[in-house]
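This report walks through selected parts of one structure, beginning with a sheet and moving on to helices. Please keep the sequence and the model in view while reading.

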Amino acid sequence: MSIASKYDASQVEDKWYNYWMEHNYFHSTPNEKKPYTIVIPPPNVTGVLHMGHMLNNTIQDVLIRRARLIGLNACWVPGTDHASIATEAKVVAKLAAQGIKKSDLTREEFLKHAWEWKEEYGGVILEQLKKLGASCDWERTKFTMDPDMSEAVIKTFVDLYNKGQIYRGYRMVNWDPEAKTTLSDEEVIHEERQGTLYYLNYKIEGSEDFLTIATTRPETIFGDTAICINPNDERFTHLKGKKAIVPICGRVIPIIEDEYVDIEFGTGCLKVTPAHDENDKVLGDKHNLDVIDIFHEDASLNSFGLHYEGQDRFECRKNIKKELEEKGHLVKTETHINKVGTSERTKAVIEPRLSDQWFLKMEDLVKPALKAVLETGDVKLFPKKFENTYRHWMENIRDWNISRQLWWGQQIPAYYYGDGKEDFVVAETAAEALTLSRKRTQNENLQLSDLRQDEDALDTWFSSWLWPMSVFDGVRNPENEEFKYYYPTNDLVTGPDILFFWVARMVIAGYEYTDQRPFENVYLTGLVRDKQRRKMSKQLGNSPDALKLIKEYGADGVRVGLLLSSAAGNDLMFDEDLLKQGKGLVTKNLSAFSLIKGWEVDDTIPQPAHSALGLEWYTNRFNEALIEIEDHFSKYRISDALMTTYKVVWNDFCGWLLEIIKPVYQQPIDRKTYDAVIVAFENNLRILHPFVPFVSEEIWQTITDRTPDEALIINHWPKQETVNEQIISDFEYASQVISGIRTIRKSKNIAFKDAIELHVVSNEEVSSDFDTIISKLGNVSEIAFAKAPLDGALSFRVKSNEYFIPLAGAIDVEAEIAKIEEELKYTKGFLQSVSKKLSNERFVNNAPEKVVAIEKQKQADAEVKIETLEKRLKSLS
């Protein structure tokens, strides 16, 4: 078996991925080994692979592949999330294109379309992950609406309801008028936007006087039920006890007093619209005000909007401004910066809305989760800086609104047996609900047809917060062997943007249902941004096609390119050049393998001293790197682990060791050296495999014939040996000597085939063990010790020792003298011009300090250069 002269990454990737799948290497079952478990952050079933997915899943795959190599029973559970809002929107749009409205369908008919959509498009992203090399246990693939997963969600809801943790309440909620559903606080993104502040006059009833209020939302005047002033505001003492008239609609409303009003803000008068502002609702409850909801569920105005009925809120805002102006109610407008809540999913502007919803009490549930992260350290966040963010959210948590006005999702298991708000029971099945309803009503004649299940679905996150437990059926059956073996899981890799949505809630659920952490470590990746630091998005058009990148640079190249600049928690500035660097690492290893395999091996020749020493050095250098890599992995510095791996393979193995042992052109290599370098190469492949699984397996399988039991993916991590620090230090010194020789050869155009002498003035004691390597890599015919600097030689220094290369015979001395004299003449002229400038007091006194400092540095550099050139000239003369 051999590697093709032109490496086709796509062909190699397909070959080895199929091989791994065929031999079931990704599948895990409980055994005597220690488990290592990761559950994938389930991507939306609507999703396709993007840069964030590639980064996140590459990191998970690195951890999983390494876990296999260090002898753990690695289990990576894949799956997708049903993503209620996003998926329902996709299905609604598809139906609309066919001329079908959701409102024309029954729930069952709509869900049939939704499942058809899921079956057609739902597995796309998981198939794309395979192209990246993700070694998930595909037999365990889960979907958050699988029957067993849904049963777990319903069981959890019923349990929490029976514990008094879930309740139904009439509250002000975040309403998404595009998705026509409520959202939790965490699903609302607050954005700073430039808007307009409208100053409106309200006439005082029974007089010609006016009061002025400032509002950003003039269309909501139709819902005004009071004007509020601060009782301590002397400007409005004359308004106490009076009433005002709302512009356009003419409704008479009371002027109330409350210290809630900020005297310094706006005009000091506040319009109160209890149905459309959370703070106004609090005021309204306190002062027993009417509540007038002026919007339909799509945020168009209802009949309370009078002649604006049916208009969208923003259209109405534009039109009502004209009417207010025409009727003399609009005093003025000002530009105004304020924070606007938008839907995390649809990007629509959120509308505060009063609604009957289901809520989960959070105050007590969060306590164990807070303690686990901030006190005991049972759950660790990487990087640690996110602990403060976690603390802030958990300590300021509000009850979770878990109901959504959607059909796609787990339907809330509340069954109504009457028309009253409290005429319901909560049960896992309709049959259980019927039994409970008969008991509640003492009516044995109740039938299933008499029950009406709540129309709402549960928030998607109410299913995904159970994910680490439910994928192993730990909610329905906590005593099952798989759950007890794989749970708690080990590592979670995700983005900081869902630290609250998902991570914190999984911790809460884990302690509530198992009294254990759901995972030990949370690795929070950064966001992938472009070179202008913008978040990648379809809207900006700055997000490259992930699959095209894989096709162009290979999966291995993409993986390396992403990881090289991805420190935990820090945003990744995506640059395609990084992928070129990743592809370069693949090419480097292929070239190294080609070089080694091209050597003829002779069993009869002895091993040269330089080869033995080079191999001994590399073994120690590799073990030193292995210690660093282990440390990086333990601290979740995956990028640093890759960088250490990259350097030891590229610089130390390819750059130094192969040059040290490489036989003379067309000469064979000895068997002992050849076998040893193959062993070293195999160890390289072991530490490379988590990062570049395809090319490492390709080379591994080509080195020699392997059985399926000997595949690299299930091989073993290199065993860590004691490191001889002295040999590493000695080689580092020798490498600097070699670099000095190479620099002189290059600068003087001395061909490598021409041997040179090297004379050393030894001012500090240095090991001579590596002289044999210096001689080979520098083509040095003799290394001699001198007591004083050599005339007619070029020199360089390493630490305190001086090295001299006689140039007689190696270069044209006369030409070199002429060249130095020319350079010396130019440098002296340059020094003269700089010195003249610095002797000018006017320049020195008036020029910026920084400019003067630069000129002085030029002067100093020129003086040093002249001294060096004169010494070199003297030695040549």
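Helices (H or I, at least four residues) and strands (E, at least two) are DSSP runs, numbered from the N terminus.

The model is predicted, so local features need pLDDT of at least 70 and side-chain atom pairs count only at pLDDT 80 or more, while totals for chains, interfaces and linings use all residues. Residues are numbered from 1 along each chain as its sequence is written, and side-chain values use heavy atoms, with hydrogens and water left out.

Strand 15 (residues 380–382) runs parallel to strand 23 and is joined to it by three bridges, with Lys-380 opposite Asn-521 of strand 23. Strand 22 (residues 489–494) pairs with strand 23 over five bridges, also in the parallel sense, and here Leu-492 stands opposite Val-522 of strand 23. Together with helix 15 (residues 499–514), strand 22 and strand 23 make a right-handed β-α-β unit; right-handed means that, with the strands pointing away from the viewer, the path from the first strand over the helix to the second runs clockwise.

Why is strand 23 largely enclosed by the rest of the structure? Five of the six residues of strand 23 (residues 519–524) are buried, so the strand is largely enclosed. Buried means under 20% relative accessible area, exposed over 50% and partly exposed in between (1.4 Å probe, protein chains only).

## Buried helical positions

In helix 21 (residues 693–703), eleven of the eleven residues are buried, so this helix is largely enclosed by the rest of the structure. Among the buried residues of helix 21 are Phe-694, Glu-697, Glu-698 and Trp-700. The buried residues of helix 21 pack against helix 1, helix 2, helix 5, helix 16, helix 17 and helix 20.

Asn-684 is found in helix 20 and is buried, with a relative accessible area of 0%. Leaving aside neighbours within four places in sequence, Asn-684 is in contact (heavy atoms within 4.5 Å) with Tyr-618, Phe-622, Val-649 and Phe-653.

| Helix pair | Angle | Axis distance |
|---|---|---|
| Helix 18 (residues 609–634) and helix 23 (residues 771–778) | about 105° | 9 Å |
| Helix 3 (residues 84–97) and helix 4 (residues 107–121) | roughly 105° | within 10 Å |

Helix 3 is roughly perpendicular to helix 4; angles of 65 to 115 degrees count as roughly perpendicular, under 35 as roughly parallel, over 145 as roughly antiparallel and the rest as oblique. Among the residues that meet are Val-91 and Leu-95 in helix 3, and Phe-110 and Trp-117 in helix 4.

Note on methods:
Pairing = 2+ DSSP bridges. Axes fitted to C-alpha atoms, helices over the stretch in contact; angles between N-to-C directions.
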